[in-house]
Amino acid sequence: MKSGDHAAIDVPAESSAAVKGKAPLIASQREEKRGLNRGFGIADFLLRLGAIISTIAAAATMGTSDETLPLFTQFFQFEASFDDLPTFLYFVIAMALVGGYLLLSLPFSIVTIVRPIAVAPRLLLFILDTVTLTFATAASGAAAAIVYLAETGNPNTNWLAICDQFEDFCSKVSGAVVASFVTIVVFVVLVILSGFALKRQ
C-alpha cells in the first residue's frame, strides 16, 4: 500500500424513514414523563393541604389545652396549661412555623403541576421538606415524651402521673401529638414523591 493511499470506511446512514420513526417515540416518552410528573405534583399539592389541616389542628389543640380542677383552697389552685411546660410551648411554636411553611410552599407546588419538567421548584421543596420534617419530628418527639410521663409518671424522679386528675388536659395534648405525627407521615410521603419525581427528570 502506498503512503498516499487512504482507506475509506463506509458508515451506513440512517434512512429518513427511521429518523421519522424515532421522533414520535421520543415525543411519546416525553409526554409520558410530563404526565407522570404532573401526577406527582397534584399529589404533592393535595398532601400539603392535608398536612396544613393536621398541623393547624395540632397547634390549636395544644394551644387551647387548659384545665382547672374544681378542688382548690384559699392559697392553691390546681391548674394545668400547655404553657406551664416549655416543651409544649415549643411544640405550639414549631407547629405554627410548620403550618406557615406549608402555606408558603403551596405556590411552588402549583408550579410543579403547571411545569412538570421544572427541576428547581421541586428540588427546593425536597430540601425544605426534609429540613421541616426534622424540625417537626423533634418537636413531636419531645411533646410525646412529656405526654407519656404525664400518663404514667416516673417514680425514680418523683414525677407523678397527672392524667388521672387532669383528664381533659391530657386528652387534648395527646390528640395534638397524634395530629403532629400525621403531619410527619405526610412529610415523609412528600419527600419520597419529590425524590421519585427528581429521579425521573
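## A tour starting from a buried salt-bridge pair

Select Arg48 and Asp129 first: Arg48 is buried, and Asp129 is buried too. The model is predicted. Display the side chains of this pair, which form a salt bridge whose closest N and O atoms are 2.6 Å apart.

Asp44 and Arg48 are four residues apart in helix H1, which means about one helical turn separates them. How accessible are these two residues, with buried meaning under 20% relative accessible area? Asp44 counts as buried because its relative accessibility is 3%, and Arg48 counts as buried because its value is 0%.

The structure holds two salt bridges. Side chains of opposite charge can pair when their charged atoms come close.

Now hide the charged residues and move to the nonpolar part. The largest nonpolar core has 35 residues; select Met62, Phe88, Phe91, Leu102 and Phe187, the members that touch the most others. Which helices supply at least two residues each to this core? They are H1 (16–63), H2 (86–114), H3 (120–152) and H4 (167–199). H4 gives the most, with ten residues. In soluble globular proteins, nonpolar side chains tend to be buried together.

Centre the view on Phe88 and show its surroundings. Leaving aside residues up to four places away in sequence, Phe88 touches Met62, Phe82, Ala143, Ile146, Val147, Phe169 and Val173. Met62 is also among the core members that touch the most others.

Finally, zoom out to the whole chain in cartoon view. There are four helices and two strands, and from the N terminus on the order of elements is α-β-β-α-α-α. Switch to contacts: of those with a separation of 6 or more, 77% are between residues 24 or more positions apart. Colour by accessibility next; of the 201 residues, 33% count as buried. With the surface turned on, the protein exposes about 12,300 Å², and carbon and sulfur atoms supply 69% of that area.

Technical notes:
Residues are numbered from 1 along each chain as its sequence is written. This is a predicted model: local features need pLDDT of at least 70, side-chain atom pairs count only at pLDDT 80 or more; totals for chains, interfaces and linings use all residues. Side-chain values use heavy atoms; hydrogens and water are left out. A nonpolar core is a set of buried Ala, Val, Leu, Ile, Met, Phe, Trp, Tyr and Cys residues joined through side-chain atoms within 4.5 Å. Buried means under 20% relative accessible area, exposed over 50%, partly exposed in between (1.4 Å probe, protein chains only). Contact means heavy atoms within 4.5 Å. A salt bridge is a side-chain nitrogen of Lys or Arg within 4 Å of a carboxyl oxygen of Asp or Glu. Accessible areas come from the Shrake-Rupley method with a 1.4 Å probe; for residues, only the protein chains shown count as cover.
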